[in-house]
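The following paragraphs lead through two parts of one structure. Please have the sequence and the coordinates open while reading.

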Amino acid sequence: MHNLMSQSKSGFILGVCVLATIYIGWHLFLPIMIIYIPLTASHEGVPLPAWGRKGYVRPEYDVSFSENGRFVAFTTNGNSLRHYYERSNKGLFLYDAQLGKTQQVSTGLWNPAISIERPQISKDGSHILFFAATVSNNPTILEPPVRLYVYNVKAQETKEIVVPEDVRLSIRSQFKLSPDGRYLGTVISTDAMFIYDQKTDTYTVFSGKQLYASGYEYEIQNFSFLPNQEILFSAKSGPNDLYGIYSLESGTYGVIDQPTYDRLNHRREEPRPEDVASFARKERNRFYGLTPDGNTAVLLLGENHTELGDYNLTYDLYKLDRSTGELSRIPTPNWKRSAFLILTVMNTILAGYILLTDSARKRPFPTHAPS
């Protein structure tokens, strides 16, 4: 009886594992099947497989760079169970160019209703700011509920930033990080700022009147963090422009002229380099930008580059080293492939156990009554 009980339990576990393998395998291989069997409409409007026609699955990415280009923070739905759906959840990844490895920071894998959005890495690569948004299949929900988080790269810890009630978060909120990741801030109204200090776990909300110390109602146009714990501002009141610097340590504000503001702001639109433009001009490619030091470009390539020795069937991120011209893939961990392989091994072991302990050979009770 013990063997029969063991076989029943093993059979049940095997059945569950097989179903899980089929489910994950379907979502793992469906994009590949879509590539090689895309449907086209005949003259009667009947979908037919177009054998030999190449199509490409396009995961979505959102990319942010550290100052020296070593770290690339990006979100993608490429590892989601439904990455070929518009509203599938996204995970957050951190690529270390020095090590050539990608670390999965946070994902909505165990909570498919949560998607990681709008990653922003500090210039020194120490912190990543991101939103966790609630995914909905309802297309009428344009502003899903969001929460604000900061990931500490060195400590590998994620902390939620709890903002005051009058600071309304949305997926379009323009938060910025200081170069060292200590401060984060955003404009919460036309003349008000919100600044959070991670070191002291405190926040400050102040208005344009406090900043500009003038009798005019200026609207904040733009702001950025400077390396020495200062904030650079530009504001406008009708035809009048105002530029200034706010000290986070002393809480004082000083007015500067436009040439000084332009020099400190570093917002010059430079033409796209020709070596990068040659990739971006192709139909299926997308250029995400240059790292702040200008040495590395990150691109989405729609063509498979077999010469790289890393053939893949889907769209992927690549980095172009402009000093050497070397093009290499930014790897993305694929939990579906790992889960599929683990489940396949478990299925094999369980099936082998059931066959080797067949009750037909080891009967738990006698077939004939004792004489």
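Which residue of β12 does K176 stand opposite? The model in which to look is a predicted one. K176 stands opposite G185. Between β11 and β12 the hairpin has 5 residues. In this hairpin, G181 takes a positive phi near 80°.

Strand β12 also pairs with β13, which covers residues 192-197. This pairing is antiparallel as well and comprises 6 bridges. L184 has Y196 in β13 as its bridge partner. The hairpin formed by β12 and β13 has 2 residues between the strands.

Helix α5 spans residues 335-356, and N347 is one of its residues. Is N347 buried or exposed? N347 has a relative accessibility of 12%, and because buried means under 20%, N347 counts as buried.

What does N347 touch, leaving aside residues up to four places away in sequence? The residues in contact with N347 are L14, C17, V18 and T21. With T21 there is also a polar contact, made between the side chain of N347 and the side chain of T21 at 3.0 Å. N347 of helix α5 is therefore a buried residue at 12% relative accessibility, and its side chain has a polar contact with that of T21.

Conventions. Residues numbered from 1 in each chain as written. Predicted model: local features only at pLDDT ≥ 70, side-chain atom pairs only at ≥ 80, totals over all residues. Heavy atoms only, no water. Helix = DSSP H or I, 4+ residues; strand = E, 2+ residues; numbered from the N terminus. Buried < 20%, exposed > 50% of the residue type's maximum accessible area, 1.4 Å probe, protein only. Polar contact = N/O pair within 3.5 Å; in protein donor to acceptor, adjacent residues only side chain to side chain. Contact = heavy atoms within 4.5 Å. Pairing = 2+ DSSP bridges.
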